[in-house]
Amino acid sequence: MTQVFRASHTVLSLWTSGRWQEAINYYLKYSQYDTQAMIEGRELHKKWEGDVKATGCLPPEFGGARLAWPSTEQKIVIHLTEWLDLVGIIDCYEELVQELSGGRIHEYKSGVISSTTYARGHQVGIYATLLLMTGKHPKQAYLWHYNQHLKTTDLSIVWIDEQMIRDAMEWVEGAAWEMHSYMMQNDLYRRLEVAKA
Amino acid sequence: MIISVDTDQIKKLAEDAKGIYTTLEAEQALIKLLTMQKKIEEGIEVAKKNLEEAGLKINPNFKSVRSSNVRIYYRGYGSRYFIDEQYVGNVPPDLFNTTAEIEIPDSIRIKPIDEIHGYLLAIGQKVTKSKKGDGEALNIKRIINSKAVDSFLSEKGGLPVGVVEAPQKKTISIKLKGEEEVDL
């Protein structure tokens, strides 16, 4: 049976930025290596999910605007190739935004890195791919960033197009193959099985 | 008024302009080019103002918009942080540098640069390179390492005493895909 690599934006970002050990720890779900920033980020995401579910609006940190048929923490897994799955959890997705004639992804970030930096990455392309493969029509993404230390917010808007999706998938396949090969060569998948057991 | 930009016409005007050395009529070519430039620049400034208004309406904290071929940034310029001088003793030293321009004594200032450099090194002054002109007035500057402050902020959950967020006036900048990306 072919070993399948489950790629996510988080694990591949760690891998491609040279943080190989963190990428492996994350993939193998070694939570004892979680940083304070990761813990705070998770807590904030939980709070924001609750805000949207309770009110149907964006969290107050992001302006509180009403959302159009929002879904929260939607987990999507798609099978890309025989050795590669792509997985993502979309913080919030507006199904039908009238002025876009399509959907809008809302991605929340915390910490010190601004939304502009995230906008340059491949996360929007990955999430757009996941949504398209499930029959949705995302047209745009709002990347919200909340700096919990300074209590400041910023927003970057990204339009979704075919080139961005192609670039994202190329990046996913390249990085995933590298990490997958490394894990095979070092027998790391067995540790995941042991951890599950 | 209708403005049409005909790139062939621009090429011709640019070619015709060189005639100004021998014929005054060539002046018209330059006038047309410069007028077009001015109108386009005015249009871009209006577009920027409109982008700023529309962006702030969507959200007062918007920072950038990214489409297939265009990058729009709404950003402040200059350092994001500054040091409150009364608390400089509390600021971790690795978060900033201090530089100064000093006045060279009369007896030394007329010497060749190498000798002046030697004099400064002899009195224990490390000399940093600058493109400024005559260093007549003492000019001491604090240079904050914003990335180091960001790391501190991330680790400790707050700014160190003495480091303050700098108010920044924001403006819109527009870049085409392929131009250097901006890190905000």
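Me: Which residue stands opposite S156(A) in β1(B)?
Reply: In β1(B), S64(B) is the one opposite S156(A). This is a predicted model, in which local features need pLDDT of at least 70, side-chain atom pairs count only at pLDDT 80 or more, and totals for chains, interfaces and linings use all residues, while side-chain values use heavy atoms, leaving out hydrogens and water. Residues are numbered from 1 along each chain as its sequence is written, with chains lettered from A and ligands numbered from 1 in the order in which they are written.

Me: In which sense do β6(A) and β1(B) pair, parallel or antiparallel?
Reply: Parallel, with 4 bridges between β6(A) and β1(B), residues 62-66 of chain B. Pairing takes at least two DSSP bridges between two strands. Strands (E, at least two residues) and helices (H or I, at least four) are DSSP runs numbered from the N terminus.

Me: And what joins β6(A) to β5(A)?
Reply: 8 bridges, and those two strands run antiparallel. β5(A) covers residues 138-147 of chain A. One bridge pair is N147(A) with T152(A) in β6(A).

Me: Where's the positive phi in that hairpin?
Reply: At K151(A), near 55 degrees. The hairpin has 4 residues between its strands.

Me: How many residues of β6(A) are buried?
Reply: 6 of the 8 in residues 152-159, so the strand is largely enclosed by the rest of the structure. Buried means under 20% relative accessible area, exposed over 50%, and partly exposed is in between (1.4 Å probe, protein chains only).

Me: OK, cores. Which residues touch the most other members of the largest nonpolar core?
Reply: F5(A), L12(A), Y27(A), I126(A), V172(A), M179(A) and M183(A), in a core of 42 residues. Helix α6 of chain A, residues 162-185, gives the largest share of this core, 10 residues. Apart from it there's another core of 18 residues, including L67(A), Y146(A), I157(A) and I72(B). A nonpolar core here is a set of buried Ala, Val, Leu, Ile, Met, Phe, Trp, Tyr and Cys residues joined through side-chain atoms within 4.5 Å.

Me: What is Y27(A) in contact with, leaving aside neighbours within four places in sequence?
Reply: V4(A), F5(A), R6(A), V11(A), M179(A), M183(A), Y189(A) and L192(A). Contact means heavy atoms within 4.5 Å.

Me: Switching to chain B: why does R71(B) count as buried?
Reply: Because its relative accessibility is 8%. R71(B) is in strand β2 of chain B, residues 70-76. A polar atom of the R71(B) side chain lies 2.7 Å from the backbone oxygen of S67(B).

Me: Which residues of α5(B) are buried?
Reply: In that helix, residues 146-156, they are S146(B), A148(B), V149(B), D150(B), F152(B) and L153(B). Just after α5(B), G157(B) takes a positive phi of about 85 degrees.

Me: What does the secondary structure of chain B come to?
Reply: 5 helices and 7 strands. In chain B, 24% of the 184 residues count as buried. Of its contacts with a separation of 6 or more, 70% are between residues 24 or more positions apart.

Me: How many helices and strands has chain A?
Reply: Chain A has 7 helices and 6 strands, and 52% of its 197 residues count as buried.

Note on methods: A polar contact is a pair of N or O atoms within 3.5 Å; within protein, one must be able to donate a hydrogen and the other to accept it, and residues adjacent in sequence count only if both atoms are side-chain atoms.
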